[in-house]
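Subject: Structure handover

Dear colleague,

Below is the structure I said I would pass on. My notes on it follow.

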Amino acid sequence: MLVTSHDKTSLMSPKSQTLLVGALLVVAGCLSYCRVLNAGFIWDDDAYVTANPTLRTAGGLWEIWTRPGATPQYYPAVHTTFWMEFQLWGENARGYHFVNVILHLLTSIILGSILIRLGIRIAWPAAFLFALHPIQVESVAWITERKNVLSGLFYCLSALAMLQWRFPASPRTSYTTAVRSLPSPILYWAAFALFLLALLSKTTTCVLPAVALVVIWWKTGQVNQKDVATFIPFFVCGIAFGLMTAWMEKWRVGAVGEEFSLNWLQRCLVATHALCFYIWKAVLPRNLTFIYPRWDFNSLNGWQIGAPILCVFATIVLLQLARRGQRGPLAAGMLYAGCLFPALGFFNVYPMRYSFVADHFSYLSMMPLLTGVAWLVFEFAANKVRAFQDSSAAAVSQNSSPLPQKVVPLQISCLVIAAVCIPLTFMQTGMYRDLETLWRTTLERNPTAWMAHHNLGKLLEEKSEPQEALEHYLSAIELNPNHVQAMNNAGLLQIKAGQFADAEALLRKAIERESRFDLAHNNLAIALVRQGRLEEALAEFDLAIAINRKYENARINRAAVINALQANK
């Protein structure tokens, strides 16, 4: 997958090529993501932006950096950008979307520069594919995923500085004279500082030092002790931040419970399935959605058996190629699996409550993976160009200039990628227009998404559409019999509709599953009051207050019931 032949027929200098292709990439990216600028806030954007108190004051910026619990996750670099933007455009979603798009396109351009620096001839087709592929829409169109696009930018900048430091540029390949002129120690510490900023944006970037060692092995055929020692500070910081995030995911975000109680065999099945899943979506990006079906490992099926076999077979093939001197494919495979490792299911991540895979999990891993896909596109274009030149060779005069053998396939590859990806990405961005569109589109593509049913129900309830809201709550309960919030919400709607017996049954079921659910106790008491069972209702109000001493509504309701009982006497 990693090709190291330089393009000797280029009609432009590397620097001019970078500027021109970068400009074309920005134009293509703007066409792909133009609808995002009219999108609003969606799921979790309230916690990160609209309802985030740290964005409103100067003291909030201090809290962002010094108090981990002040924000949903301790990513102070991300929340600092939100803080600055909140001072500029407040709760206008367009500004946040614009910054996300720009960060993603900058990351794509720097990725192209890195691949050129590595001597990979399909650098710009790969950069185009990374920028325009529809699987990236979730990371770009979702404001909360500023984590991905910002960490990706720092990740690539750090990698570029590492490359410039470890493999000093020759006049032929240099296009960053300003960076090349810096002394090596400055480049090293610049790479380290950028790596820290990447970690402070999202800790999945902790894989960067391992990525660097894989690249060194690919370029030189070995990794010596000096190379490993050089990256010890990177490894120490990466592991420390990774462990902190894993702890926060488990104990602060809530990645605990029955959904996460997987044994190691099941986690290995998740990992192999996920590795195959993202490859499939990269090659054939159909039915991309916000929540994918959560795989059930209670009974084996063809995919669960086939995915580990495919992974083992691919590993054997790549190892055999490496033994024959072709290290590139194995390096690409290691980079792909390594970048994806934090999201393969070996660590508890809260969204895995709903699905083991998500488009935004794959952001960094798409860099090596889509480079491989771009190589396939390039080879296809090169074969077509060769066939065309062979068929027309007899008609070409001896004095005519032949088409550049490599430039033309590269240009055709970029055009093919743009022509295919721009409309696909443009259509995919429509899914993120607003919350209702997000949940309805998710359910069209994955009717089993119980979380989407529940959240759409809440949205419809707020819009005073109780009947449809109730239907979605009941669907969520059918798909997830332990969803106590949906039971409570559905029960409350049934009380309002006069369906007191149905409400009682649902609320009792919620309490069976979560005995300390104060809201369910209060609402059950209301259902009992409406049925004239005041003594039973009083007991439920007492339980709600015992669970939550500050539950004022339950106290008010309890006082009303006591007054009613006294009046009846």
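Which residue forms a salt bridge with Arg56, and how far apart are the closest N and O atoms? The partner is Glu91, and the distance is 3.1 Å. A salt bridge here is a side-chain nitrogen of Lys or Arg within 4 Å of a carboxyl oxygen of Asp or Glu. Arg56 lies in the loop between α2 (45-50) and α3 (58-66) and Glu91 in the loop between α4 (76-89) and α5 (93-117), so the pair ties together parts that are 35 residues apart in sequence. Helices are DSSP runs (H or I, at least four residues), numbered from the N terminus. Arg56 is partly exposed at 36% relative accessibility, and Glu91 is partly exposed at 47%. Buried means under 20% relative accessible area, exposed over 50%, and partly exposed in between (1.4 Å probe, protein chains only).

Before the rest, the conventions. This is a predicted model, in which local features need pLDDT of at least 70 and side-chain atom pairs count only at pLDDT 80 or more, while totals for chains, interfaces and linings use all residues. Residues are numbered from 1 along each chain as its sequence is written, and side-chain values use heavy atoms, with hydrogens and water left out.

Other salt bridges

The structure holds 16 salt bridges. One of them joins Asp227 and Arg166, with N to O at 3.1 Å. This pair links distant parts of the chain, with Asp227 in helix α12 (residues 225-230) and Arg166 in helix α8 (residues 146-166), 61 residues apart. Asp227 is buried at 6% relative accessibility, whereas Arg166 is partly exposed at 25%.

Glu536 and Arg533 form another salt bridge, their closest N and O atoms being 3.0 Å apart. Glu536 is partly exposed, with a relative accessible area of 36%, and Arg533 is partly exposed at 26%.

Ile42 sits in the loop between α1 (14-33) and α2 and is buried, at 4% relative accessibility. Leaving aside neighbours within four places in sequence, Ile42 is in contact (heavy atoms within 4.5 Å) with Trp142, Tyr432, Asp434, Leu435 and Leu438. The C-alpha atoms of Ile42 and Leu438 are 7.8 Å apart, although the two are 396 residues apart in sequence.

Helix α22

The 13 residues of helix α22 (residues 484-496) should span 18 Å at 1.5 Å a residue, and the end C-alpha atoms are 19 Å apart, which agrees. The expected span is 1.5 Å times one less than the number of residues. Of the 13 residues of α22, 10 are buried, so the helix is largely enclosed by the rest of the structure. Among them are Val484, Met487, Leu493 and Ile495. The buried residues pack against α20 (450-462), α21 (466-479), α23 (500-513) and α24 (518-530). Just after α22, Gly498 takes a positive phi of about 85 degrees.

Aromatic pairs

Rings of Phe, Tyr and Trp (its six-membered ring) pair if their centres lie within 6.5 Å; planes under 30 degrees apart count as stacked, over 60 as edge-to-face and the rest as tilted. By this rule the count is 28 aromatic pairs. The ring centres of Phe195 and Phe234 are 5.4 Å apart with planes at 40 degrees, so this pair is tilted. Phe195 is in helix α10 (residues 184-199) and Phe234 in helix α13 (residues 232-253), 39 residues apart, so the pair links distant parts of the chain. Both Phe195 and Phe234 are buried. For Phe341 and Phe346, the centres are 5.5 Å apart and the planes at 25 degrees, so the pair is stacked. Phe341 is partly exposed, with a relative accessible area of 38%. Ring pairs also link Trp43, Trp142, Phe290, Tyr350, Tyr354, Tyr432, Trp439 and Trp450 into a cluster.

A surface patch

Ile412, Val416, Val420, Leu424 and Met427 make a nonpolar surface patch of about 390 Å². Patches are made of residues with over 30% relative accessible area and no salt bridge, with like charges joined within 9 Å and nonpolar side chains (Val, Leu, Ile, Met, Phe, Trp, Tyr) within 5 Å. Accessible areas come from the Shrake-Rupley method with a 1.4 Å probe, and for residues only the protein chains shown count as cover. Val420 lies in helix α18 (residues 407-429) and is partly exposed, with a relative accessible area of 45%.

Regards

Notes: Helix = DSSP H or I, 4+ residues; strand = E, 2+ residues; numbered from the N terminus.
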